[in-house]
Amino acid sequence: SWLMSVEPFQQDRAAWDIDLIRRYNVPGPRYTSYPTANVFDERFSGDDYLALADHPRERSSIAPLSLYVHIPFCRRACHYCACNKLVTRKRSLVIAYLDAVATELAMRGALHGQRPVTQLHWGGGTPTYLDEAELTELMHHIASHFRTTRQESREYSIEIDPRTVQEDTIALLRGLGFNRISMGIQDFDPHVQAAINRTQSPELVGRLVECVRKHRFKSLSFDLIYGLPCQNRRSFGHTVAEVIALAPDRISLYNYAHLPDSFRNQRAINASSLPGAEEKLAILDDAGHALLQAGYVYIGMDHFVRPDDELSLARERGRLQRNFQGYSTCLSDDLIGVGPSSISLFAGSFSQNCRDLDGWVRQLQDKRLPIERGWRMDTEDLLRRDIIMSLACQLTLDIAQLEATHRIDFHGRFQPQLAQLKALAADGLLTLSPDRIEITGQGRLLLRNICMVFDEYLQNDRQPRFSRTLYVPRAQTIVSL
């Protein structure tokens with residue numbers, strides 16, 4: 001399994017087939033869900049969610065639960081960011097947010113509060129925009145309405161901006177029950193940081209890493225981004241070396257997609273400062289080699305982890321899952337999202353809260369769940385979801401098991417898809433047999449393309465804007481894991 005993990009980057013660099021990459025130059029989802037969020041529509045409402053929650057099976061359930069809380073605030077805008085955020089220094093907005101989130105937690109807790117929360121994640125925005133009293137207040141609201149736990153097996157994680165925390169903050173987060181931390185690093189090069197309006201030194205991050213280890217957090221993750229303005233092969237090589245020296249447990253290596261028409265803050269980036277086609281491909285290739293040679297395992301779709309990390313072990317045991325926070329261990333089937341824009345997966349349905357902070361607050365003031373759109377999965381959705389998530393998480397599909405679970409004839413149902421899979425197999429991305437699909441090492445780089453074969457909604461007229469899976473226009477290359 002280690003050799004399979006290393007294979008995509010440890011092959012000779014000349015083996016990269018640019019013509020093959022160009023053939024896969026198509027927009028595609030990251031499959032943090034299936035169906036993907038662009039399919040959700042406004043016909044699914046808070047009343048539909050309540051009806052599902054009122055089913056006797058759900059009312060009596062004590063199955064484990066995942067809980068996500070979105071904190072939308074940032075002190076300043078990072079030019080590359082595509083998150084749902086509000087840049088403000090008005091503390092009055094935080095007070096209004098905490099009042100509203102307490103209301104939503106009470107409403108959600110009345111429906112699901114009997115279930116133990118085995119996974120908790122705070123994202124943003126910048127969760128550590130909240131001061132220490134506000135962080136404590138938010139955790140108090142959660143514990144008042146849900147069954148939080150101190151069991152060692154829990155996964156309680158928080159995203160932090162290193163510029164917004166002190167060592168005392170790290171100690172407080174540990175005391176509040178968090179045992180995992182994710183830091184937004186992006187790049188350590190000062191020219192790149194100036195171009196994206198995010199200045200943070202390796203020394204600052206290093207002190208926080210020492211503090212995280214001092215307080216015995218279970219896991220530390222770093223987010224890196226390649227393809228940023230002023231970035232080049234040499235500069236990002238230095239960043240990766242500094243990251244390896246700090247030895248985080250997990251590293252997410254994300255592609256920067258420049259979409260200034262969709263994200264206004266990206267208009268501050270001069271497109272001419274972005275790395276060119278071959279440079280960007282080389283940046284990714286160098287980073288992958290360096291991380292694998294340092295002992296990390298590439299598990300696919302942006303993520304590198306240590307061989308003994310729980311994500312790597314979960315894949316070996318068939319217990320890896322993928323949701324709106326990326327890969328995670330499978331501790332619960334349902335995810336409840338709280339806060340503006342949060343998405344829930346519950347009882348075979350997806351539902352998304354109002355993205356606008358004011359709209360989200362108004363609905364809660366009216367004592368309504370702040371759901372503005374969603375999707376109830378049918379049997380076809382559930383079938384294709386199982387296929388896509390098996391390929392994305394386990395790198396394999398057991399066809400016989402799938403047929404038994406869903407009572408289908410796979411080869412009869414998916415004849416057009418099998419023709420596409422044979423073409424992918426001819427390109428060395430997977431192996432195909434009558435009873436199994438196996439993703440190869442090279443195929444890990446193109447997981448999104450492989451999953452897209454089974455995406456029913458990519459065949460209709462609604463063509464959403466996704467970042468490209470592998471993007472090689474004439475002037476520029478973007479390669480996204």
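These legends describe close-up views of a predicted model. Local features need pLDDT of at least 70, side-chain atom pairs count only at pLDDT 80 or more, and totals for chains, interfaces and linings use all residues. Residues are numbered from 1 along each chain as its sequence is written, and side-chain values use heavy atoms, leaving out hydrogens and water.

**View 1**
Strand E7 covers residues 219–226. Helices (H or I, at least four residues) and strands (E, at least two) are DSSP runs, numbered from the N terminus. Seven of the eight residues in E7 are buried, meaning under 20% relative accessible area; exposed means over 50%, and partly exposed lies in between (1.4 Å probe, protein chains only). E7 pairs in the parallel sense with strand E6 (residues 180–186) over six bridges. Pairing takes at least two DSSP bridges between two strands. Arg180 stands opposite Ser219 in E7. Strand E8 (residues 250–255) also runs parallel to E7, joined by six bridges. Here Asp223 has Ser252 in E8 as its bridge partner.

**View 2. Cysteines without disulfides.**
The whole structure holds zero disulfides. A disulfide is a pair of cysteine sulfur atoms within 2.5 Å. For Cys74, the nearest cysteine sulfur belongs to Cys81, 6.3 Å away. Cys74 is buried, at 9% relative accessible area. For Cys451, the nearest is that of Cys393, 8.5 Å away. Cys451 is buried too, at 0%.

**View 3. Around Thr431.**
Thr431 lies in strand E18 (residues 430–433). Its relative accessible area is 43%, so Thr431 is partly exposed. Leaving aside residues up to four places away in sequence, Thr431 touches Arg436, Ile437, Glu438 and Thr440. Contact means heavy atoms within 4.5 Å.
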